[in-house]
Amino acid sequence: MSDRTLREALRRSDLLMLRAIGENWGVIDTAGTMTATRLCDLIVPAILNSDSLRAKLANGPNGVDRALSALLRAGGKLPKSYFSAEFGTVQAYGSENFLNAAPWRDPGSVTEWLLYHGLIFPGYADVAFGIDEFYLVPKDLIPFFETPVLYDSRNGVKLIVRPAAQSETAFRVAAKSDFYDLACLVIAADRIAKPVEMIRRAYSPSRVDLCRRVLMNAEILKPNEASDGDVIQSFISQPAHAGLVALIRAWINDSLTDEIGESEIFRIDPTFKADLTKLRKRILSILGRVESSDWISFRYFVAILRSLESDLIRDPLRTPGWMIENPARKDRASWDAIEGEILRLFFRGPLHDFGFIDLAFEDENLETLSAVRVTSFGKRWLAALRGEINAAARKRYELPSIGTDGLIRLTPKTLMTIRYHLARYCDWEEIRPDRWTFRISPASLRAARNCGLKIAGLTALMRRAFGNALPPSLLSAIENWDRNETEATAFNAILVSDSDPNRIGALIVSRDCAPWVIQRLNPTTIMIKPKGINAIRRKLAELGVLLELTLADDAESESVSK
């Protein structure tokens, strides 16, 4: 597979090629003034949109599907000589002839069509006899061309399950449909080395842990090294549904996490091996076969699956009961005790954390799962995993709000790229699923700079994000800080005044008092740190003067006690 992302591959292209690719995706540089970076910023999200991409492929020339299938079977790249022989060559042009001929508007081969649509790129790789030229697919495009994660269940057995009784839905726990928002925050926290405790409180520890794990499995975050900024930029620039499908794929294909073994519910023989990727796919497929959008009885659901999915994790004829047991149950090796408990484990865990299902319980302690309901969000994403194309709802984006004091409020309707980048430059004052509150401060700007971010990048982002709502005074303050660092500071201090300038001078040079002196304001007045008041008092007493405190009662007691 190619190690390059779409953005990286585009950056290696010259400006003429970028304009050609951009035109095929509706990004037209009429004035010819766009930089290569700006063109990349517009082209990447246009291509990484599954709906528009599939529409393009559907209208492509004969042979496009076969060419992409050949590339995928070969791991994402094929020698240029082989690919050209099978799918046509690319006509070479000089710069002037290229503009006159405009081959991107009427490609002469499948290869040209793919090349001028930014779906394949030329590259080089080491081979046995030296270096050979290849055509390759960027790695973040491959998931769009792969076969669906789930088989189409429309022709499968539908599951008609008894509706849940009222008592079975007494205590309900609704799922959240904001997993992609959570991923944005987790990535931002990783990039600026910010603890995730605030995120865990807002989104729940189990969801944050699952999110971090799938981001690492998808190679968007790196566990022991700096994450690739281009990979992250490509991820957050794509439509939310495409990003979420990529994360769910990463969860399904996770070979390191063993939900069954880690649960401590089962006693498992070392020789027992479960295919967890296959199991996750089957559970999602089962969920996709549920017809009802209402609450269904979990007990009845398990009873139906006992007859339809008897081999969910064990072969009934080949797996002895002692290989996996549930010691807490009398029927410790029965289908209900093993497969039923595994379903409960997945439903209460990742399926609920992703937002696929709502849960209901009979008891207020939420111990016994009694009913489930597939959410509309879940039905939409299960269909996407089967390769079905849903018309994407037109989303209305909201501009973030900003005050002259640097306070910024964002909602889930704020564009994802804006939320992500602002999160990297700001202090996080409050994180809630429905609102993020940030603040720009000298400390946040300094932390961003220490992480390699440029303050000019923030000001450019703010101009685009806030437009005329951006307070000019705040923009000026940020730019001044970038030039001069901190120009204004607020802190607690105590003023010490003495009619004799010599005693003030003695305080300044005293070994005990000097560490507490902040500044000499004039010959008879100094500013000291509150914790230094006792040292000042002692020194003045040595000089024959009693210090009279005129502090407020609470300030005096606080400073003296410290």
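Reader: Two strands pair if DSSP finds at least two bridges between them. With that in hand, what stands opposite Ile-402 in S11?

Author: Ile-408 does. Strands here are DSSP runs (E, at least two residues) and helices are too (H or I, at least four), numbered from the N terminus. One caution on the source: this is a predicted model, where local features need pLDDT of at least 70, side-chain atom pairs count only at pLDDT 80 or more, and totals for chains, interfaces and linings use all residues. Residues are numbered from 1 along each chain as its sequence is written, and side-chain values use heavy atoms, with hydrogens and water left out.

Reader: Got it. How many residues lie between S10 and S11 in the hairpin?

Author: Four. Gly-406 sits in that turn, with a positive phi of about 90°. The two strands, S10 (residues 401-402) and S11 (residues 407-410), are antiparallel and share two bridges.

Reader: Which other strand do bridges join to S11?

Author: S13, residues 435-439. Four bridges hold that antiparallel pair.

Reader: New topic. What order do the strands have in the open sheet of three?

Author: S14-S16-S15, with antiparallel pairing. S14 (494-497) and S15 (517-522) are the edge strands; each has a single partner, so one side of each lacks a neighbour in the sheet. From one strand to the next, the twist averages 25°.

Reader: How many bridges join S15 to S16?

Author: Four. S16 covers residues 525-528. Val-517 faces Ile-528 of S16 across the pairing.

Reader: Which helix lies across those strands?

Author: H24, residues 501-509. Contact means heavy atoms within 4.5 Å. Axes are lines fitted to C-alpha atoms, for helices over the stretch in contact, and angles run from 0 to 180 degrees between N-to-C directions.

Reader: On to rings. How many aromatic pairs does the structure hold?

Author: 16. Rings of Phe, Tyr and Trp (its six-membered ring) pair if their centres lie within 6.5 Å; planes under 30 degrees apart are stacked, over 60 edge-to-face, the rest tilted. Phe-301 and Phe-347 make a tilted pair, 5.8 Å centre to centre with 40° between the planes.

Reader: Where in the chain are those two?

Author: Phe-301 is in H17 (residues 298-308) and Phe-347 in H18 (residues 335-354), 46 residues apart.

Reader: Are they buried or exposed?

Author: Both are buried. That means under 20% relative accessible area; exposed is over 50%, and partly exposed lies in between (1.4 Å probe, protein chains only).

Reader: Which residues do ring pairs link into a cluster?

Author: Phe-179, Trp-251, Phe-346, Phe-354 and Phe-356.

Reader: Last one. What is the phi of Glu-264?

Author: About 65°, positive, although Glu-264 is not a glycine. Most residues other than glycine have a negative phi. Glu-264 lies in the loop between H15 (259-262) and S5 (267-268), and counts as exposed because its relative accessibility is 73%. Leu-366 also has a positive phi, near 55°. Leu-366 lies in the loop between S8 (357-361) and S9 (369-374), and at 30% relative accessibility counts as partly exposed.
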